[in-house]
Amino acid sequence: MRGDILIKVMIKPLRILGSPLSIQNQLFLRLSQCGIAALFIIFYWNYLQIKKYALKELDNNVSSASHLIVNDIEHTLQQRINDLLTLSQSPLFVDHFKNRQYRLFQEATIYRGEIERFLSDFLGRSGVYTEALYFDSTGREICRIDGGIAAGAAPLPHREKIFRHSLKLPQGQYWVSDEPMLFPGVGTVVYLAKTLSDLNGEVIGVLARGYNLKTLEGIVNQARLGYGGTITLEDSHDRVLVGHRVGFEKPLEKISSLKHQPWKVRVVVDAERALK
């Protein structure tokens, strides 16, 4: 429609103050119109190319940020797993088990106190765990460290689940809860657990720790995207574990999955604002 109007304007005889222009002037003006139209087309084509390039660069930057954040989170989680593997190698657990096995209950009580101090000191130094749990091979809670302090047994459904899942693992393997739990006043907690074995490879119990995902907020907050961008760590059901979602009219979104957990990092930026 606009093209038809432009053609009609260019064909229509040109007049200035009611007087027709000479053929030379009409030709000059029409050529000028064609030149202006050509310039407009060139400028608009360049604008589209620049916008396309800018979008590609923005997409690459968001994708790189997403992968970097995933790597940092996986590295942090691996440190927590290494903590668990190191703690599980303490001979205190085997000594406690043997004394109970031989019905040396007084000695077993002493070792349980040593285990409580051992776990309490570790939780206090690390500052990233909410609690530590030690079960025997029947699922009985031997000791629990809550907030760095030895606490009494408190059988709860999520703790029973930790024990059941851990016993299904092959020897030497660990378990990480795929659905973190939200505790009021504490935050979102994920549990890491591993079976404990004696020198013969017999399972003598389970060691578990609650890891507060609040510590991962530092990784998310340090990744400054600009453009009003947001970063969230989410589970397999798209529930936000770390960060906050913000809606944009024209979002550019990248999702990167963690290798060893059914979680993902979602990075979203305001594409319209970024391209201004």
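Me: A salt bridge is a side-chain nitrogen of Lys or Arg within 4 Å of a carboxyl oxygen of Asp or Glu. In this predicted model, how far apart are the closest N and O atoms of Arg-159 and Glu-131?

Reply: Arg-159 lies in helix 5 and Glu-131 in strand 3, 28 residues apart in the chain. Both residues are buried. They form a salt bridge, and the closest N and O atoms are separated by 3.0 Å.

Me: Which residue forms a salt bridge with Asp-136, and is Asp-136 buried or exposed?

Reply: The salt bridge of Asp-136 is with Arg-100, with the closest N and O atoms 3.3 Å apart. Asp-136 is in strand 3 and Arg-100 in helix 3 (residues 91-101), so the pair ties together parts that are 36 residues apart in sequence. Arg-100 has a relative accessible area of 29% and is partly exposed. Buried means under 20%, and Asp-136 has 7%, so Asp-136 is buried.

Me: Are the ring planes of Phe-135 and Phe-163 stacked, edge-to-face or tilted?

Reply: The count of aromatic pairs comes to four. In the pair of Phe-135 and Phe-163, the ring centres are 5.8 Å apart and the planes are at 55°. Stacked needs under 30 degrees and edge-to-face over 60.

Me: What is the relative accessibility of Phe-135?

Reply: Residues under 20% count as buried. Phe-135 also counts as buried, and its relative accessibility is 2%.

Conventions
Residues numbered from 1 in each chain as written. Predicted model: local features only at pLDDT ≥ 70, side-chain atom pairs only at ≥ 80, totals over all residues. Heavy atoms only, no water. Phe/Tyr/Trp six-rings, centres within 6.5 Å; stacked < 30°, edge-to-face > 60°. Buried < 20%, exposed > 50% of the residue type's maximum accessible area, 1.4 Å probe, protein only. Helix = DSSP H or I, 4+ residues; strand = E, 2+ residues; numbered from the N terminus.
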